[in-house]
Every structure is written in C-alpha cells, then in structure tokens.
Amino acid sequence: MKKLLLLAAIAGCASQPPATPAPAFELSGLDGASVKSSDLWADKPVLLVFMTSWCPACRKEVPRLNEIARTHAVIAIATGDTKEAMERCRAQTGMTYPVLLDEGAVSRAFGIQASPTCILVDKGGAIVYRGSKPPEKLK
C-alpha cells in the first residue's frame, strides 16, 4: 500500500508542469522612460496585459484592471500602437496603470496571439497564469 501511495504522489508531482520563465525585455513607457522586466518582478508579482488601443475587449477590461492595480502591479504592454494612440486610449478609458510600448518583439517572445492576453509573472520571474482575462484571484 505504501508503494502505491508513493507512486501516486510521484505521478501527481510529475503531472504538474514546470514554471516557465518569463522572457526578459526592456521597453519604453509613455513617458519615454526605459523599463526592464527584471526590475518589474524583482520584489513582487506583476500582471502584464498585452493589448492594443483599438481592441474593444481590451478597453472593456480597463475598469477591472484599474481595480486590480489599486493593490497589485499591473502593466499594459501595447503591441504595435503609437505613443499617441495609447495616450488617447488611456485618456478615453481612464486607465490608471502604466503602459509600455512594444513594436512586436516582446509579444512574440511571450507567444501572444490575441488581445487582450493577461500574464501573471511571480516575483521570481516565472509565468504562473495566462488567459484572455485577469485571474479571478491574485495573491
């Protein structure tokens, strides 16, 4: 019986996928300041939201993301948008969290195929959640 329990425990552990390290990047914010990914999650988890200014689903998530940003780090990564388009989007939607501008390389590195895509990176730099909406519960 002990061998069976041990095998079940080992099988259960083996079925857990290993954490995937988040790709390193450096992007500019709307203010022109350069931001390194390693600085973002050095001491806290960060919710990355890959989006575009023209995406209706992205705009619809802004109020919920604003709420999350009150207690957690949220960073929008605007893919293929101009600074001006994102500034307009931010003003129109009332977005309160920072926006970084990506010409596409960071989105490709993260394997982004649709907007919005939310990725939660833990303080160790591992991807712990990926989805089209923010996770229901954040730690």
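**Figure 1. Strands E5 and E6 run parallel in this predicted model.** Four bridges connect E5 to E6. Within this pair, Ile 77 is placed opposite Leu 100 of E6. Helix H4, which comprises residues 83–93, lies across E4, E5 and strand E6 (99–102). The direction of H4 makes an angle of about 150° with E6.

**Figure 2. Strands E4 and E5 pair in the parallel sense.** Six bridges hold this pairing in the model. Phe 50 has Ile 77 of E5 as its bridge partner. Together, E4, H3 and E5 form a β-α-β unit that is right-handed. Six of the seven residues of E5 are buried, and E5 is therefore largely enclosed by the rest of the structure.

**Figure 3. Strand E4 also pairs with strand E7, and here the two strands run antiparallel.** E4 covers residues 46–51 and E7 covers residues 117–121; five bridges join them. Val 49 faces Cys 118 of E7 across this pairing. Helix H3 (residues 56–69) packs on the sheet, where it touches E4 and strand E5 (73–79). The direction of H3 makes about 165° with that of E4.

**Figure 4. Asn 66 is a residue of helix H3.** Its relative accessibility is 14%; because buried means under 20%, Asn 66 counts as buried. The side chain of Asn 66 forms a polar contact of 2.8 Å with the side chain of Thr 96. Leaving aside residues up to four places away in sequence, Asn 66 touches Gly 94, Met 95, Thr 96 and Tyr 97.

**Figure 5. Eight strands make up an open sheet with mixed pairing.** The strands are arranged in the order E1-E8-E7-E4-E5-E6-E2-E3. Strand E1 (20–21) and strand E3 (34–36) are the edge strands, each pairing on one side only. In a regular strand, the side chains alternate between the two faces of the sheet.

**Figure 6. The chain contains five helices and eight strands.** Along the sequence, these elements follow the pattern α-β-β-β-α-β-α-β-α-β-α-β-β. The chain has 139 residues, of which 41% count as buried. Of the contacts between residues at least 6 apart in sequence, 64% join residues at least 24 apart. The chain exposes about 8,400 Å², and carbon and sulfur atoms supply 58% of this area.

Methods. Residues numbered from 1 in each chain as written. Predicted model: local features only at pLDDT ≥ 70, side-chain atom pairs only at ≥ 80, totals over all residues. Heavy atoms only, no water. Buried < 20%, exposed > 50% of the residue type's maximum accessible area, 1.4 Å probe, protein only. Contact = heavy atoms within 4.5 Å. Areas by Shrake-Rupley, 256 points an atom, 1.4 Å probe, with all protein chains shown as cover. Pairing = 2+ DSSP bridges. Axes fitted to C-alpha atoms, helices over the stretch in contact; angles between N-to-C directions. Polar contact = N/O pair within 3.5 Å; in protein donor to acceptor, adjacent residues only side chain to side chain. Right-handed = clockwise from strand over helix to strand, strands pointing away.
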